[in-house]
Amino acid sequence: KKENSCNTYSTFLDLSITIKDKKFVTKLYDKRDGFSFDIIRLPFRQSNIPSKMFYSTIAAELLRTCKATTLLTDFIGTSKVLIQRIYQQGAVKKHIEVTCSKIFNRHRALFEKFDTNNKNIISKILE
């Protein structure tokens, strides 16, 4: 069943795919974003899991977002939404900063496609 309304944009699984200047531009797509009610997608810090596991979910989501996203602006936008959601679920800014620094340093090659330094990315997603 065709769901897209034009030939230069479509969604497939969890990706939004656009053709710009004869190149594919991808970013994450989640149909739940259009729902009129809140959905719990990540654990709460106060839940019965170790704190390290709680912050590891942030790292995993940042990696998933990076792998699926072509443009820095889309990565920043999606990551900001993630960080705001995780704040609402009890995250502490200092621990998020440490988590981000670790993940960006460990997976430097993945983030090189954005052609900026890790500190710049971290400051943008935490503002």
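Colleague: Which residues does Thr99 touch, leaving out those up to four places away in sequence?

Modeller: Thr99 touches Tyr55, Ile58 and Ala59. Keep in mind that this is a predicted model.

Colleague: Where does Thr99 sit?

Modeller: Thr99 is in helix 3, residues 93–106.

Colleague: Is Thr99 buried or exposed?

Modeller: Buried. Its relative accessibility is 11%, and the cut-off for buried is under 20%.

Colleague: How much of the chain is buried?

Modeller: Buried residues are 32% of the 127 residues.

Colleague: Back to helix 3. At what angle does helix 3 pack with helix 5?

Modeller: The angle is about 145 degrees. Their axes lie 10 Å apart. The crossing of helix 3 past helix 5 is right-handed.

Colleague: Which residues meet there, between helix 3 and helix 5?

Modeller: Helix 3 brings Lys93, Ile96, Glu97, Cys100, Ser101, Phe104 and Asn105. Helix 5 brings Asn118, Ile121, Ile122, Ile125 and Leu126. Sorted by type, the residues of this contact are seven nonpolar, three polar and two charged.

Colleague: What about helix 2 and helix 5, how do they pack?

Modeller: Helix 2 covers residues 72–88, and helix 5 covers residues 118–126. Their angle is about 50 degrees, and the axes are 8 Å apart. Helix 2 and helix 5 are therefore oblique to each other.

Colleague: Which hand is the crossing of helix 2 past helix 5?

Modeller: Right-handed.

Colleague: And which residues of helix 2 and helix 5 meet?

Modeller: From helix 2 they are Leu72, Phe75, Ile76, Ser79, Lys80, Ile83 and Tyr87. From helix 5 they are Ile121, Lys124, Ile125 and Leu126. Eight of the contact residues are nonpolar, one is polar and two are charged.

Colleague: New topic, the strands. How do strand 2 and strand 3 run?

Modeller: They run antiparallel, joined by six bridges. Strand 2 is residues 15–20 and strand 3 is residues 23–28.

Colleague: What stands opposite Lys20?

Modeller: Lys23, in strand 3.

Colleague: How many residues lie between strand 2 and strand 3?

Modeller: Two, and the strands form a hairpin. Asp21 is in the turn, with a positive phi of about 50 degrees.

Colleague: Now zoom out. How many helices and strands does the chain have?

Modeller: Five helices and three strands. Along the sequence the pattern reads β-β-β-α-α-α-α-α.

Colleague: What does the C-alpha trace span?

Modeller: About 45 × 35 × 20 Å along its principal axes.

Colleague: Last one. Of contacts between residues at least 6 apart in sequence, how many join residues at least 24 apart?

Modeller: In this chain, 58% of them do.

Key: Residues numbered from 1 in each chain as written. Predicted model: local features only at pLDDT ≥ 70, side-chain atom pairs only at ≥ 80, totals over all residues. Heavy atoms only, no water. Axes fitted to C-alpha atoms, helices over the stretch in contact; angles between N-to-C directions. Helix = DSSP H or I, 4+ residues; strand = E, 2+ residues; numbered from the N terminus. Parallel < 35°, antiparallel > 145°, perpendicular 65-115°, else oblique. Left-handed = near helix turned anticlockwise from the far one by under 90°. Contact = heavy atoms within 4.5 Å. Nonpolar A, V, L, I, M, F, W, Y, C, P; charged D, E, K, R; others polar. Buried < 20%, exposed > 50% of the residue type's maximum accessible area, 1.4 Å probe, protein only. Pairing = 2+ DSSP bridges.
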